[in-house]
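Trainee: I would like to learn how to read pockets and charge pairs in a model. Can we work through one?

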Amino acid sequence: MGTWVFEGFASVGLFLVLLPALIPALIAVLYRRYRYLPLVPTFWAVVAFLYACALVAFTTFPLPDTPQDFCTERSRFDYWLLEPGRSIGDISDRIAEVGLTSTLTSGVFLQVAFNVVFFVPLGFLVAYLLRRGIGWAVGLGFATSLLIESTQGTGLWFLYPCPYRVAEVDDLFTNTSGAVIGWGVGWLVSRVLPFREP
C-alpha cells in the first residue's frame with residue numbers, strides 16, 4: 001500500500017475514532033447558537049473536522065516500524081532543511097535532467113504540489129465559512145504549517161526517539177501559498193453561492 005493511500009485511510013480512521021467525542025461538543029455549540037441543529041453548519045463543521053484529521057494523518061504517519069534502527073541510520077542534520085528555495089531548485093534540476101513532462105509526475109514536483117494543494121481547503125474555510133480576510137488565511141496557514149514542521153522536526157515533540165520526517169522551510173511558503181489560493185477560491189465561491197446561516 002502506498003504511503004499516501006495509507007495516510008488517507010489513517011485520516012478516515014482517525015476521524016471515525018474521534019467523531020464520537022466531537023458529536024456532543026458540536027451539538028452543544030450549534031444548539032447554543034441556533035437553538036436547533038441546522039444541517040448546513042453541521043455539515044461544514046464535520047467537513048472541517050475531517051480536514052483537521054487529514055492534516056494530522058498526512059503529516060505524522062506512518063511511523064517507522066523499527067525506531068531504533070531508523071534513528072541509528074540517520075544523521076541529526078537530516079531532520080531540518082533550512083535552505084529557502086531548495087525545493088524549487090530541485091524541481092529546476094529535475095527539469096534539466098529529465099524534461100518537464102517527466103518532472104511533473106516525479107516525487108520532487110508532486111511533494112511541492114501536494115504541499116500547496118493540501119492547504120487550499122484551509123484557506124477556503126477561512127474565506128467561505130469564517131468570512132475572514134486574506135490576512136487570516138496567511139496567518140492561519142503559516143501558523144499551521146509552522147506547527148506541522150516543528151512537530152516533524154522534533155519527532156512528535158520528542159515523543160519519538162528521533163525525527164522521522166523532514167522539516168523544510170520551503171513548506172512554510174508552499175503551505176501558506178495553498179491557503180492563499182484556497183482563500184481566493186472561497187472568496188469567489190462566496191460571491192456566487194454565499195454561505196447563509198439559518
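Predicted model: local features only at pLDDT ≥ 70, side-chain atom pairs only at ≥ 80, totals over all residues.

Trainee: How many salt bridges does the structure hold?

Mentor: Side chains of opposite charge can pair when their charged atoms come close. Here there is 1 salt bridge. Glu7 pairs with Arg165, and their closest N and O atoms are 3.8 Å apart. The pair links distant parts of the chain: Glu7 sits in helix α1, and Arg165 in the loop between α9 and β2, 158 residues apart.

Trainee: Is Glu7 buried or exposed?

Mentor: Glu7 has a relative accessible area of 3%, so it is buried, the cut-off being under 20%. Arg165, at 22%, counts as partly exposed.

Trainee: How much space lies in the largest pocket?

Mentor: Rolling a probe the size of a water molecule over the atoms shows where empty space is left. The largest pocket holds about 480 Å³. Trp44, Ala45, Ala48, Leu129 and Leu130 are the closest to its centre, out of 23 lining residues. By class, that lining has 19 nonpolar, 1 polar and 3 charged residues.

Trainee: Which residues are closest to the centre of the second largest pocket?

Mentor: They are Phe58, Gln111, Asn115, Gln152 and Arg165. This pocket holds about 390 Å³, and its lining divides into 8 nonpolar, 6 polar and 5 charged residues.

Trainee: Where does Gln152 lie?

Mentor: Gln152 lies in helix α8 and is buried, at 8% relative accessible area. Beyond its sequence neighbours within four places, Gln152 has contacts that include Thr59 and Arg165.

Key
Residues numbered from 1 in each chain as written. Heavy atoms only, no water. Helix = DSSP H or I, 4+ residues; strand = E, 2+ residues; numbered from the N terminus. Buried < 20%, exposed > 50% of the residue type's maximum accessible area, 1.4 Å probe, protein only. Contact = heavy atoms within 4.5 Å. Salt bridge = Lys/Arg side-chain N within 4 Å of Asp/Glu carboxyl O. 1 Å grid on protein atoms, 1.4 Å probe; cavity = no way out; pocket = protein on both sides within 12 Å on 5 of 7 lines; lining within 4 Å. Points joined across faces, edges and corners; volume = space filled by probe spheres on them. Nonpolar A, V, L, I, M, F, W, Y, C, P; charged D, E, K, R; others polar.
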